Amino acid sequence: MSPASTDDALRTIAGVVGDLAFLTPLGVGPLLAAGEQELAVHVAFRGSASGTLVVALAPGLARALVDNLAPPEPGCTPTAEDLADAAKELANVLAGNLLATLHGAQAEFQLGSPELVPPADLPATATFAIGLILAEGGMMAGILPA
Amino acid sequence: MKLNILVVDDNRMMREMVSRTVRMSALDVGELIQAGNGQEALAAMRATWIDLVLLDLNMPVMDGEAFLRALRADTALRAALVVVVSTESSQPRIARLAALGAGFVHKPFRPEELLAEVERQIAGQRGAPHDCPQAAGNPMRAAP
């Protein structure tokens, strides 16, 4: 990925996470090692280009998503299924938006269903990978290849 | 007139978020039903009168575009309003959806964007010529 593409991709990630989780983008962060990940989601895509995207979430990010998308009743805690659904939707929206950013509006893609995968050091076997970290007041994103 | 609305998305969290957006809006909502894919959505529409479908595209079993084609080919169901709510950015695919009479809202969306598109679709239907199946007295579409 060229530097310009990386900047475009980071802008897209910031916009998506900002809209879905109300988190202010704070800049580029380190990629998450396996042990730093709470959840990881894999999305396969085919069409104008084929590959896979892995989105890894640090602790707290999935909860922030749930709180914005479908907040639990007062006094209730989100279930593991809630956190997984939120992470999957984030990965799905990131995949759709990033592919458009990187390949243009004439490209067509079919996205596979997002699937939870065991945390692994990024990028593992993915075409590209994103690590998202919850920071005080917002979030930071790392991306590979950069 | 109350609107019966069907929210179709394979992600439960997103179904809840879209449903919540609709419930908190000024829309006069009747039944609010959810389905996890196009096949479930068609079954739901055959069981319950639906005025408006809020439709995801990328879903297992039957995706949104296949659902929309099946819907428009079904004389009993085809007059339902459809707004696609998707991450899709491909202009050729969005043009195909528009040709099938669907509105479009890009994910991630703000509640006001979704509601504006729904209002636009409703206004478009009110202004539609009276030769559509609904206005022509199709017994299923005339029910409510």
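Before looking at handedness I set the term: a crossing is left-handed if the near helix is turned anticlockwise from the far one by less than a right angle, and right-handed if clockwise. Helices (H or I, at least four residues) are DSSP runs, numbered from the N terminus.

I note that this is a predicted model, in which local features need pLDDT of at least 70 and side-chain atom pairs count only at pLDDT 80 or more, while totals for chains, interfaces and linings use all residues. Residues are numbered from 1 along each chain as its sequence is written, chains are lettered from A and ligands numbered from 1 in the order in which they are written, and side-chain values use heavy atoms, with hydrogens and water left out.

Entry: H2 and H3 of chain B. I found that H2(B) (residues 38–47) packs on H3(B) at an angle of about 30°, the axes being 9 Å apart. Axes are lines fitted to C-alpha atoms, for helices over the stretch in contact, and angles run from 0 to 180 degrees between N-to-C directions. H2(B) is therefore roughly parallel to H3(B) (angles under 35 degrees count as such). The crossing of H2(B) past H3(B) is right-handed. Gly38(B), Ala41(B), Leu42(B) and Met45(B) of H2(B) touch Phe67(B), Ala70(B) and Leu71(B) of H3(B) (contact means heavy atoms within 4.5 Å). I count six nonpolar residues, one polar and no charged there (Ala, Val, Leu, Ile, Met, Phe, Trp, Tyr, Cys and Pro are nonpolar, Asp, Glu, Lys and Arg charged, and the others, Gly among them, polar).

Entry: H3 and H4 of chain B. H3(B) (residues 64–73) and H4(B) (residues 91–99) pack at about 25°, with axes 10 Å apart. H3(B) passes H4(B) in a left-handed crossing. Here Glu65(B), Leu68(B) and Arg69(B) meet Arg93(B), Arg96(B) and Leu97(B). The contact of H3(B) with H4(B) has two nonpolar, no polar and four charged residues.

Entry: chain B against chain A. Arg12(B), Met13(B) and Pro108(B) supply 29% of the area that chain B buries against chain A.

Entry: confidence. Chain B has a mean pLDDT of 88 (the predictor's confidence in each residue, from 0 to 100). Over residues 130–144 of chain B, pLDDT stays under 50.

Methods: Helix = DSSP H or I, 4+ residues; strand = E, 2+ residues; numbered from the N terminus. Buried area = accessible area lost by both parts, 1.4 Å probe. Parallel < 35°, antiparallel > 145°, perpendicular 65-115°, else oblique.
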